[in-house]
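What follows is a short walk through a structure, to be read with the sequence and the 3D view at hand.

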Amino acid sequence: MARIRTTVDGLVYEDDVEPRMLLVQYLRERLGKTGTVIGCDTSNCGACTVHLDGMSVKSCSVLAVQANGAEVLTIEGLERDGQLHPMQQAFHDNHALQCGYCTPGMIMQSIDLLGENPDPSEHEIREGIEGNLCRCTGYQNIVRAVQDAASKMKPGAAPTAEAGAKQTVAGGGA
Amino acid sequence: MTTTENASTPAPEIGRDRRRKEDRRLITGRTRWTDNQALTGLLHIAIVRSPFAHATIKGIDTSTAKQVPGVVAVYTAADIGADQVQLPCAWPITKDMKAPQRPALAGSRVNFAGEGVAVVVARSAAIAKDAAEQVEVDYEELEPVLDMEEAIKDGATLVHPEIGTNENAQWVFDSGEAGSGGSVAEALQKAESADDQIVVRRRFRQQRLVPVFMEPRSTVVDPNAEQLTMWSSTQVPHILKTMLALTLGLPEHKIRVIAPDVGGGFGGKIAVAPEEVVTLLVAQKTGKPVKWTETRSESLLTAHHGRDQIQDLTMSVTKDGQITGLDVKLLADMGAYLGLVGPGVPILGAFMFNAIYKIPAYRFDCTNVFTTKTLTDAYRGAGRPEATFGIERMMDEVALELGMEPMEFRQKNWIKHEEFPYTTVSTLTYDTGNYEAATEQALQMFDYDGLRREQQERRQRGDVKQLGIGISTFTEMCGLAPSRVLGSLDYGAGGWETASIRMQPTGKAEVVVGVSPHGQGHETAFSQIVADQLGVPFEDVEILHGDTQSSYKGLDTYGSRSLAVGGIAVVKAAEKVIEKAKPIAAHMLEASEGDLEFSGGKFTVKGTDKGVGIQDIALAVFAAHDYPEGIEPDIDAHATFDPENFSFPHGTHLCAVEVDTETGFVQLYKYVCVDDVGNVINPLIVEGQVHGGLAQGIAQALFEEAAYDDQGTLLSGTLVDYTLPTAADLISFDTANTTTASTTNPLGVKGVGEAGTIASTPAVVNSVLDAIRHLGVSDIDMPTTPYRVWTAIQSASGHAGRADEADVASPGAGLGSTASDISKGDTQGGHL
């Protein structure tokens, strides 16, 4: 067993974990963060995507011990005071989900994509979410949602872009 | 008064692009997937699976596995009676169909790689998986049975020696015998000897696919309550409940099945899965709640596959392009066992090979074959994509032989809009449709003539990237199904659907439906229907589904039936609510029932401004202080709807691809589809269904295949090898709708869940071939991967794969060389 201390969605957790435990297992089985899901066993599908210190990672490809001392943001930590993150809102507005199983990972990856490239072209969006599989939507409305969110998250366009949200996390809001 | 009424009547909900009610929990992670269930004392199981396709089990040693700390038990099939179970097949397609026993775990012989032979029960899933590796199974390998044509030859190794054959059943439809058309044998014979006819024969291969719902299957069974409760990631909670009772001899009223949030199905979760039964048996044996959740690799290996047919088509046609006969011979791979509806899947195609065309003589002859592979069953479209692929590929091939523009050939043979209702050669009556309208719009959106010109220019320039254009004009049968029709096809159940409406004291409506969604947006669409029917706000409607305790009766979700059958049950229930409310309204208004009219959620007395709302009546019957003598103080209602006919969506799909003649890489260039799905409840949801359907159909054409090696080992057993399309593999599609309302249901709806998948595959393959036919390529098996396309170009006779060496002027050089201005109605064009 290894002892880890991790901040997840703004709360600090200390736990003893098996060295082989994956971050996604830690989130789901130990913390009850079942919003993050598992879709494959070869890190192809991206359903388990979360942010680790602000970068998107497939949490099936990270050991829980690697999150020691780090800050993890999951789909469950995106809302602020009952307000959806602009990316969540854009997924809803653009019908970018059907069964919703890929959605948490897809949203987390899309936010990361806009962090790197705030104004991506359709081609850049498609390349940017290539590591996340969706079987329902054909991706078209996901692309639309990311474009919509990008237009709303441009500097000054919306107060709830992730940069702001992260500060709230650091302040201990859950 | 009219003015006032209009002002107070809310805008209709049907047709609005409402954002979905169900999104909130899904975008915030507050989901209820089966694997999220965490009951106190929950045990986890892992299934020990055979690495061999065909083998005798000589012995199983569980002693080491039992020693692993945290392991509660290790059971072989016999320990829990799993080898004695006969998992159900609900569709015995013929009286003499051969059906082997399908156990929940194999006892003495395994018949496909991945079949379960033992189960480990442990404190955690990780421990169970670790211990499963410690179970020693002694196998004696048998010959695998992999090739359908070899399997039905005399002397072939038998998958199931006890049934004496590898043939499950042969199912034949002959229009001559049915009286719905002529004899195909005669038609072909006549065509062979006639100067003015040709006969075209082609063989097409429908590769094996995997549905790949994103949520892996999961089942939790809690045996500790009065009722045994099963949560399962299933499309069919009601069928599962009844089948568990019948299969295991359990009293049905002691079983409760819950399908919570279900992450996609596409037919792949229409099943009574061996793992569901094993989870239940282990829960009974241990007396503890038990969970099984599969890994993706387990899912690809053991959840049922789809398609897998060899199609031999023969079409006779006059030289001026009139089809005179169509003969279809199929071999359909069942895999090792029969799934819940597996044998019936190819049979659904019997009604769809004739498609939108007027075919005077037709024969369909399908032989289902057992092999030592994972079983096949429903996958999005189920039988209809296979048929549509066959006929739409054939239409191109015959047009090519005739030297005719492929769309012109289709136009010459399809049912004209003024000919509806039209009874087809396979005996279905298409109620409505307008193939001309959908096609005209699609051609315009696509800029068909412009793309043909571009194609021609690229040919002449000898571009490395050649352009191909593919067509698919399709129809499908939706709204499964009229119960009497299912009875005539020997299906084991009916095709009705139910809905109940429970009016709350505060006027809110709880609507309980038998169908249950796994991504389709039922909660939103049904709320829109109820809002219009009862005149209550959209927000005041709650849809309950997927729990057999609340939704006690239903036949579940598949075959694009939720709206066309389930949605109509909702309408019927709402009509009953209004009917029951009417005498109470009359009593409250002190008027006679005959003087009342209902509109916008309100009963009014004709010619007065007196009225009472349905939500007020709900409160009045709750209080029940004052209501008429002789009736019950209740306006709740239940309805069952059994359709009289299928519905028949149709559409025209046009695909353009660029094929790199040096690498074989196929890039989607443009995709246009115009679908007629009848009246649209929610255009946003309809568009989404089409997008997703297209992606799956295109994936069959270009990307996906469940491939086995010569020992029967699944080669595409992970998502590394089974290549789902990513966002980068696809393009944005141009979609639109034309509308001819269905006349067989009061909403005029047809269904949309499967349309994109059914239509798109042949459009894409036709376009790939159209791009490189001038290089001498005549066919490529699906998926048309770069390697296959490159190889086809390389091996095409006389050409080394260079576009500039191509002979584009010779007869049969390709459809692209026969372009004509068909959107202007130039039916004379198209010859070389």
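Two strands are said to pair if DSSP finds at least two bridges between them. In this predicted model, strand E9 (residues 218–222) and strand E10 (residues 228–232) of chain B pair in the antiparallel sense, over four bridges. One residue of this pairing is B:Val220, whose bridge partner in E10(B) is B:Trp231.

E9 and E10 belong to an open sheet of seven strands in chain B, with the order E3-E5-E1-E12-E9-E10-E11 and mixed pairing. At the edges of the sheet are strand E3 (71–76) and strand E11 (255–258) of chain B, each of which pairs on one side only. From one strand to the next, the twist averages 20°. Helix H9 (residues 237–248) of chain B lies across E10 and E11 of that chain and runs at about 150° to E11(B).

The next topic is the contact between the chains. Chain A contributes 44 residues to the contact and chain B contributes 40. On the side of chain A that touches chain B, helix H2 (86–93), helix H3 (103–116), helix H4 (122–128) and helix H5 (140–153) of chain A each give two or more residues. The residues on that side of chain A comprise 18 nonpolar, 17 polar and nine charged.

Two of these helices, H2(A) and H3(A), pack at an angle of about 125° with their axes 10 Å apart. Angles from 65 to 115 degrees count as roughly perpendicular and those over 145 as roughly antiparallel, so H2(A) is oblique to H3(A). Their crossing is right-handed. Here A:Met87, A:Gln88 and A:Phe91 of H2(A) meet A:Thr103, A:Ile107, A:Ser110 and A:Ile111 of H3(A). This contact of H2(A) with H3(A) has four nonpolar, three polar and no charged residues.

Note on methods:
Residues are numbered from 1 along each chain as its sequence is written. Chains are lettered from A and ligands numbered from 1 in the order in which they are written. This is a predicted model: local features need pLDDT of at least 70, side-chain atom pairs count only at pLDDT 80 or more; totals for chains, interfaces and linings use all residues. Axes are lines fitted to C-alpha atoms, for helices over the stretch in contact, and angles run from 0 to 180 degrees between N-to-C directions. Two residues are in contact if their C-beta atoms, placed from the backbone, lie within 7 Å. Ala, Val, Leu, Ile, Met, Phe, Trp, Tyr, Cys and Pro count as nonpolar, Asp, Glu, Lys and Arg as charged, and the others, Gly among them, as polar. Angles under 35 degrees count as roughly parallel, over 145 as roughly antiparallel, 65 to 115 as roughly perpendicular and the rest as oblique. A crossing is left-handed if the near helix is turned anticlockwise from the far one by less than a right angle, and right-handed if clockwise.
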